[in-house]
Amino acid sequence: MIQIKLPEEEIAGVPLRNHMLLAAGILGTTGASLKRMLNLGAGGVVTKSIGPKAIPGHHGPALIPVDGGLINAMGLPNPSKDFVEEIAPLKGEPVVVSIFGGTPEEFGTVASWFPDAAAFELNLSCPHAEGYGASIGVNPRVVRECTEIVKTYNKPVWVKLTPNVTDIKIIGKAAEEGGADAIVAVNTVKAMRISTELRRPVLGNVFGGLSGKAIFPIAVRSVYDLYDAVDIPIIGCGGISSADNVLEMMMAGASAVEIGSAIYDSVNVFSEIAADLYSEDGIPAEEIVGCAHV
Amino acid sequence: MSEMPEIVTITTVVNETPTVKTFVFDKLFAFRPGQFCMVWIPGVDEIPMAFSAANSITVMKVGDATEALFSLKAGDKLGIRGPFGNGFSPSGKVLAIGGGIGVTPLFTLAASGEVDTFILGARTREELVFADDLAKVSDLKIATDDGTFGFHGFVTGILDQIDVVSYDTICVCGPEMMMKGILDRLVAKGIESRGQFSMHRYMKCAVGVCGSCCMDEHGLRVCKDGPVFTGDLIKTGEFAHYHRGPSGRKE
Ligand SMILES: Cc1cc2nc3c(=O)[nH]c(=O)nc-3n(C[C@H](O)[C@H](O)[C@H](O)COP(=O)(O)OP(=O)(O)OC[C@H]3O[C@@H](n4cnc5c(N)ncnc54)[C@H](O)[C@@H]3O)c2cc1C
Ligand SMILES: Cc1cc2nc3c(=O)[nH]c(=O)nc-3n(C[C@H](O)[C@H](O)[C@H](O)COP(=O)(O)O)c2cc1C
Ligand code: FES
């Protein structure tokens, strides 16, 4: 297998310790758990998505493991502004603050609370929160406006996209026009399960989002498409669970990756992958980013 | 990986006390004492519950979901995910201390013959859960807050009367202030790592992914790294100071 070198420069404006970040919403609710994931080998961490007001989230079941992945409908639970104090001890660490809102103005308000963020990731892609996430992230104009507003806070802005659109390239270009420093692709894929015995949907919210190995091919395809459409870096996300998956994402066009659901199998997934992926005499990652484009 | 909820049918409902009921169902789950499951009350919510036997849960009515559970009868269905978590790992001479509904996971430990001495606490006599069964399998000592049965006061009052250092493992579950009183006594004697405390935090996924149940200061997940933690792991941090609610806000 190919091995690569650790990054020597910032990626998409953030000094990452390796090419793998903890994805938003996975063990990202407390400062202590984010710190733990950095200690366990994450190259950077993305927080739980923080919004303009505190939300308890959907009723359970909120997450169900299924064959090849997880389906969740957490409903963007978040402590809102209280989160500022939560991550204050992490100042100076590679912590990307994921934010959401129902309007560009709300995105701006939430961004204004976090002067110490290493970067912002805009959640324009959660598939199970009405009025937020994907319900506004399918509109290129809104995506551009949200990006523009958050850009005024002088931090790198990463825009996270939903795969539940006809053409992800159009949304990616809108983010780039708005001044985004990177595109993160992808969020979960809209999905549901039904209990045949109870004849009703399992999730409290009826439908949710699928993540994990099952969506890896969808994520690779999304990154591949975007690489042709935009010039800014792409962060690949969705179903990554091995060093070979990281390389495949890079070959599709990703400069770095985010990993979430693989935590289900092992909380040590970052150091496990790093042991296979990195070598001092490995090749620079830049040599393989996008190399599969034919 | 698939862990869709297992649908069970309630066969019997036992009234344990005015606020506690046991729901027996038609399927068996292989669990270790201290492990828990997520109980799906269709149309309402999904909440964590310790197993009180391989085919039952024992529930105290405290809010919406438990109230909905209390309205269910034999023949009604529930979804069960689990077992989850680490459970107790007792060795040598074992002391168990349970307060209120926290007796449930310790009851299964005692029922499997692992407990030498059991200190059971409740607010009042009629809220004592599993007392008759516990007396058959352990040396049972009872405390009630109002003195209507046994020692008049808290379980820590009984603890102060016995030689706690003679026990190799001290398993504890109950209200956090009660557990704090016990941990303080173990710390004073330098034996907090012999204490195994079953923690309660707000759970959503129960499989160690969402972060809802994480505790300060180590960021450990109660659902996956716990719910049972040794005293040395929790003596600093948020224990007995605060916890986080469903939004992640400190309460
Ligand atoms: C590992 C574990 C084992 C448990 N075992 C038992 C048991 O054997 N018997 C028993 O009666 N109770 C047990 N509980 C507590 C039980 O989960 C709560 O009493 C129940 O969730 C209350 O739900 P509610 O909707 O009725 O109450 P609500 O009105 O929603 O809330 C009342 C309180 O219940 C707690 N609670 C509510 N939802 C959750 C949730 N999803 N996760 C954690 N806490 C919640 C909160 O502390 C809240 O303040 C256990 C909890 C944990 C974490
Ligand atoms: C429990 C859970 C919570 C999530 N919460 C968020 C969130 O708050 N914001 C967000 O942008 N994405 C969220 N996601 C999506 C992930 O960040 C990621 O995009 C998706 O899970 C695909 O990656 P994976 O297959 O590696 O998990 C969540 C995913 C899961 C499983
Ligand atoms: S309940 Fe989700 S991590 Fe513990």
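**Strands, domains and ligand shells of chain B**

Modeller: Six bridges join strand 3 of chain B to strand 4 of chain B, and the two strands run antiparallel. The model is a predicted one, in which local features need pLDDT of at least 70 and side-chain atom pairs count only at pLDDT 80 or more, while totals for chains, interfaces and linings use all residues. Residues are numbered from 1 along each chain as its sequence is written, and chains are lettered from A and ligands numbered from 1 in the order in which they are written.

Biologist: What makes strand 3 and strand 4 of chain B a pair?

Modeller: Two strands pair if DSSP finds at least two bridges between them, strands being DSSP runs of E with at least two residues, and helices runs of H or I with at least four, numbered from the N terminus. Six bridges meet that condition, so strand 3 and strand 4 of chain B are a pair. Within this pairing, B:Cys37 has B:Met49 of strand 4 as its bridge partner. The two strands form a hairpin with three residues between them, and B:Gly43 in the turn has a positive phi of about 85 degrees. Strand 3 of chain B also pairs with strand 6 of chain B, in the antiparallel sense over four bridges, and there B:Phe36 stands opposite B:Phe84.

Biologist: Why is strand 3 of chain B called mostly covered?

Modeller: A residue is buried if 20 or more other C-beta atoms, placed from the backbone, lie within 10 Å of its own, exposed if 12 or fewer do, and partly exposed in between. In strand 3 of chain B, six of its six residues are buried, and the strand is therefore described as mostly covered. In a regular strand the side chains alternate between the two faces of the sheet. Here B:Phe36, B:Met38 and B:Trp40 point one way, whereas B:Cys37, B:Val39 and B:Ile41 point the other way, and all are buried.

Biologist: What makes strand 10 and strand 15 of chain B edge strands?

Modeller: Seven strands of chain B form an open sheet of mixed pairing, in the order 10-9-8-7-11-12-15. Strand 10 (151–152) and strand 15 (228–230) each have a single partner strand, so one side of each is left without a neighbour in the sheet. Elsewhere in that order, strand 7 (94–99) and strand 11 (169–173) run parallel and are joined by five bridges, with B:Ile97 opposite B:Val172.

Biologist: How do you know that domain 1 and domain 2 of chain B touch?

Modeller: Residues are in contact if their C-beta atoms, placed from the backbone, lie within 7 Å. By that test, 18 residues of domain 1 are in contact with 17 residues of domain 2, so the two domains touch. The elements giving two or more residues to the domain 1 side are strand 1 (6–17), strand 3 (36–41), strand 4, strand 5 and strand 6 of chain B, and strand 4 supplies the largest share, five residues. Domain 1 spans 6–84 and domain 2 spans 94–234, with bounds from an automatic or database domain assignment; their C-alpha centres lie 21 Å apart.

Biologist: What makes a residue part of the shell around ligand 1, and which are the closest?

Modeller: A residue is near a molecule if its C-beta atom, placed from the backbone, lies within 6 Å of it. The shell has 20 residues, and the closest are B:Ile47, B:Ala50, B:Gly63, B:Ala65 and B:Thr66. Strand 4 of chain B gives the largest share of this shell, five residues, and each of domain 1 and domain 2 of chain B gives at least three.

Biologist: Where does ligand 2 lie?

Modeller: Ligand 2 lies between chains A and B, with 31 residues around it, the closest being A:Ala23, A:Gly25, A:Ser211, A:Gly260 and A:Ser261. Between the chains themselves, 30 residues of chain B are in contact with 41 residues of chain A.
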